[in-house]
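Let's take a walk through this fold, one piece at a time.

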Amino acid sequence: MGASRSSGLADALGGDEGAGGPPREGAGGVPEESPESAGEPMCAEPAPDSGAELLAALLDGMDAALCAFDAGGVVTHWNREAERILGWSAQEAVGRTGFAGWAVRRADAHEVQGRLMAAMDAPGRQVHEFALLRKDGSRVLVRTQSARVLGADGKPAGVYCAFGEVHAQIDLERAIALSEALLEDASWGVVLVDVDLRPTVVNAYASRALGGGRTTLLGRPLGELVVQGVEELEAALQHVLAEGAPGAPAELWVTLRTAEGERRRCWRSGFLRLASPLAEEPVPLGVGWLFRDVTAVKLAQQEADRLRFRTGQLHRAARTASECADPMEAVTSLLDFALAGFADHVLLDVTQGERLVRTAATPTDAPGPCLLVAGGSIPVRYGPGHPALQAVERTGSVRTSAGAGDTADAATAWAAERRWPKDVTHALSTVLRSRGRTLGVLTFLRAANRTAFERPDTAYAETVAARVAGAVDLARVVGAGE
C-alpha cells in the first residue's frame with residue numbers, strides 16, 4: 001500500500017491522538033501517571049502510524065478486493081486484490097474522484113457512482129454488478145457489496161466497497177451450495193471424519209444408515225457404531241489421510257449395532273482427503289466419506305450368482321447320473337455335485353420297514369466324497385424329536401442350528417447328541433418322496449464357519465432330494481426285479 005493510502009488509514013484511525021493530546025484519565029477521572037512518575041519500566045510506545053500500518057497490512061491480506069470513498073466520492077483506500085483484478089495500483093487509485101474515465105467507462109460512470117454512493121443513505125449492505133475497466137482497457141464484470149461508513153459523530157462519512165470477479169463469486173456460491181446440499185439430505189451418505197477418525201459432520205442419509213441422530217453420532221469412535229467391518233473402514237480412512245483418495249469406489253460389508261439388533265449392510269464408498277485451503281502446504285483436516293447402501297442390490301446379485309451356480313451343478317449332476325449303470329452310484333454322484341458350495345456333510349438315510357438306515361454319507365472327520373456305507377446298511381439311533389424324524393413325520397423339511405451363544409464344547413455336545421460330526425452347527429433335513437411314498441430322509445450339514453440354512457437353501461435341498469428319491473426308488477425297483 002502506498003503512502004497516500006496509509007495516510008488515509010491513519011486519519012480514519014485517529015492517528016493524531018498521542019503525544020500532543022491531553023493526558024488520559026484513569027478511574028474516577030484521575031489522570032494516569034506517566035511512566036516517569038510511576039517509577040516502573042514500560043515498553044516503548046508504538047509509532048504513531050503503527051495502527052495505520054497494521055490496518056494496511058490487514059486490507060492487503062484480504063481475499064476480496066476492497067476500496068473506500070469519502071463523503072465526496074474520493075477514493076481513500078485500495079488494497080492489493082483490487083490492484084490484481086483491475087491493474088491499477090494504490091498510488092494510481094487513491095485520491096481520484098469516482099471511477100469515471102479510468103475504472104469505468106464515462107458513459108456508465110454516473111450510474112455506477114450513484115449506486116455506490118447511495119449506500120451512504122441506506123443501512124446494511126447493497127449488492128450490485130458492474131462492468132469495470134482494467135488498466136489495459138479490457139472489461140471485467142464484478143459483483144460489489146457496499147455499505148456506509150459512520151464517522152465519530154454517527155453520521156455517514158463515506159462508503160466502503162468489497163468486490164470480486166463475478167465468475168469467482170459464482171464458483172464460490174456453487175461450492176457453498178453444493179456443500180450445503182450434500183450435508184443436508186443428499187441421496188448419498190456424507191460423513192466428514194477428522195484425523196482421529198471420528199465423525200464431525202453427518203448428513204441425514206448417513207445418520208439413518210448408521211442408526212443414530214445427526215448430533216448423537218458426532219465425536220464417537222466408529223467402533224461404537226460398527227460391530228464388524230470397522231477395521232476395514234478405518235484402514236481405508238487412514239490410507240486416504242496418508243496417500244490420498246483411491247481411484248475407484250470400494251464396497252465395504254459391515255455389521256451395525258442398532259436398537260433392533262445387528263444388521264449386515266454393504267456400502268459402496270468413495271473417499272476424499274480434506275486439506276486446508278488457507279495453509280501454504282496441504283494440511284489434512286480429515287476425510288470426506290461418501291457412501292450409498294447397496295445391500296439389496298448386492299444380495300440380489302449374490303442370489304442370482306448362487307442360483308446360476310446351483311442350476312449348473314444340477315445340470316452337470318443329471319448328466320453324470322444318467323451315465324451310471326447303478327442307481328445308487330447315481331445317488332452319490334448327485335450328492336457330490338449338490339455339496340459344492342452348499343454344505344460340508346451330507347447323510348442319506350432310507351427307510352427299511354419302520355426304521356431309518358444309513359445308506360450313504362460323507363466322511364465325518366474330513367471333507368470327502370459321498371460314499372455308500374460299506375459292509376451293509378446300519379440302522380441309525382435317532383432320539384425322539386430328531387430333525388430327520390421330524391422331516392419324515394411332516395413330509396417336509398426341517399432347519400435347525402446350535403444356539404448362537406453356545407460355547408465350542410456346547411456346540412460339539414449338541415452335534416454329538418444328534419449323531420452328527422462334531423464340527424456341525426447347522427442342519428437341514430428334507431424327506432425323500434417318490435410315487436407317493438416316503439423313501440427316507442436327506443440331511444445336509446454345515447460347520448460353524450458357514451451361515452445357517454435359509455429358505456432358498458431349503459428349495460435347493462428339496463430339488464436335490466426329489467432327484468435322489470427317484471434314483472433310490474429306481475434302485476429298489478431294479479433290486480426287486482433281480
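Which strands do the buried residues of H12 pack against? Keep in mind as you look that this is a predicted model. The partners are strand E16 (397-401), strand E17 (424-434) and strand E18 (437-447).

Let's stay with helix H12, which covers residues 387-394. Its buried residues are Pro-387, Ala-388 and Ala-391. Look down the axis of H12 and these buried residues fall within an arc of 105°, so they line one face of the helix.

Now over to a sheet elsewhere in the chain. Six strands make up an open sheet, ordered E7-E6-E11-E10-E9-E8, with antiparallel pairing. Strand E7 (199-202) and strand E8 (226-228) sit at the edges with a single partner strand each, so one side of each has no neighbour in the sheet. On average, neighbouring strands here are turned by 40° against each other, ignoring direction.

Zoom in on one pairing: strand E6 (residues 189-193) and strand E11 (residues 284-293) run antiparallel and are joined by five bridges. There, Val-191 stands opposite Trp-289 in E11.

Two helices lie across strands of this sheet. Helix H10 (residues 295-322) lies across E9, E10 and E11, and runs at about 115° to E9.

Terms used. Residues numbered from 1 in each chain as written. Predicted model: local features only at pLDDT ≥ 70, side-chain atom pairs only at ≥ 80, totals over all residues. Heavy atoms only, no water. Pairing = 2+ DSSP bridges. Helix = DSSP H or I, 4+ residues; strand = E, 2+ residues; numbered from the N terminus. Axes fitted to C-alpha atoms, helices over the stretch in contact; angles between N-to-C directions. Contact = heavy atoms within 4.5 Å. Buried < 20%, exposed > 50% of the residue type's maximum accessible area, 1.4 Å probe, protein only. Arc of directions from axis to C-beta.
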